[in-house]
Amino acid sequence: MGVALVLLWLAAVLGLALWARRRWPDQPEWSRKLLHIGTGPVVLIAWAAGIDRWIALPAAALVTLLAALNHRYRLLPAIEDVGRHSYGTVAYGAAITLLLALFWPAQPQAVVAGVLVMALGDGLAGLLGPLIPSPSWLILGQRKSVVGTTAMAGMALMVLLLLRQLGGSGPTPALLVLISLGATLLEQVAVLGLDNLSVPVATGLLWSWLTLRP
């Protein structure tokens, strides 16, 4: 049942992204961000359904391989065609796979923390940043803005606080502020979309370490 729910959710998200690409062909980033945001809750479904490691880990690795093939051959343009060279989709899948390898199922909150901070925080930043005018700057050729950076930091902190409340354990709220700020700083270095790897992995590692430390 858990696997079926995951597959249904992913199919719905992919369908929505493809529809958005057809509906707004001049905004290719929107369909990609819908996929980026929509993929995140999969880890919540897997956690709630108690999906085993031997299912979750190979499935994540397979999705990452498919993302790499799509990046190479552009089988689904809605995922990759954003007018810039980026390995973000592949890096995102690799991050989820690595987090599962490190923490699943012993520390599911660390996996969920890393994935949802990236999915919701970076996703919201990528949508609001270009839409709402605000002061901006360039880092290694990538434009960042006050609105986008604030959205990333605020959503990251909200995700972590809610996750701590949901799971009944985790770093203290003060430490969660530090984790969210660290994730936001890493998101600033988004060259080639590799922040999709650095942000979730660093967030998951920090959650685990700060939870287990004496």
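**Contacts and core**

Modeller: This is a predicted model. Leaving aside its neighbours within four places in sequence, Val111 is in contact with Val43, Leu99, Leu100, Phe103 and Trp104.

Biologist: Okay, and which residues have the most contacts inside the largest nonpolar core?
Modeller: Val111 is one of them, along with Leu100, Val115, Val117, Leu160 and Trp207. That core has 36 residues.

Biologist: Which elements give two or more residues to it?
Modeller: Those are helices H3 (42-49), H4 (53-73), H6 (88-103), H7 (108-131), H8 (146-167), H9 (173-188) and H10 (195-212). The largest share, 10 residues, comes from H7.

Biologist: Switching topic: which residues of H1 are buried?
Modeller: Gly2, Val6, Val13, Ala17 and Ala20. Looking down the axis of H1, you'd find these buried residues within an arc of 65°, so they line one face of the helix.

Biologist: And what is exposed on the other side of H1?
Modeller: There you'll see Leu7, Leu8 and Arg22 exposed.

Biologist: How far apart are the ends of H1?
Modeller: The end C-alpha atoms are 31 Å apart. With 22 residues (2-23) at 1.5 Å a residue, helix H1 should span 32 Å, so the two values agree.

Biologist: One last thing, is Ala48 buried or exposed?
Modeller: Exposed, because its relative accessibility is 71% and the cut-off for exposed is over 50%. Ala48 sits in helix H3.

Biologist: How far is Ala48 from Gln107?
Modeller: Their C-alpha atoms are separated by 13 Å, while along the chain the two are 59 residues apart.

Conventions
Residues are numbered from 1 along each chain as its sequence is written. This is a predicted model: local features need pLDDT of at least 70, side-chain atom pairs count only at pLDDT 80 or more; totals for chains, interfaces and linings use all residues. Side-chain values use heavy atoms; hydrogens and water are left out. Helices (H or I, at least four residues) and strands (E, at least two) are DSSP runs, numbered from the N terminus. The expected span of a helix is 1.5 Å times one less than its number of residues. Buried means under 20% relative accessible area, exposed over 50%, partly exposed in between (1.4 Å probe, protein chains only). The arc is that of the directions from the helix axis to the C-beta atoms. A nonpolar core is a set of buried Ala, Val, Leu, Ile, Met, Phe, Trp, Tyr and Cys residues joined through side-chain atoms within 4.5 Å. Contact means heavy atoms within 4.5 Å.
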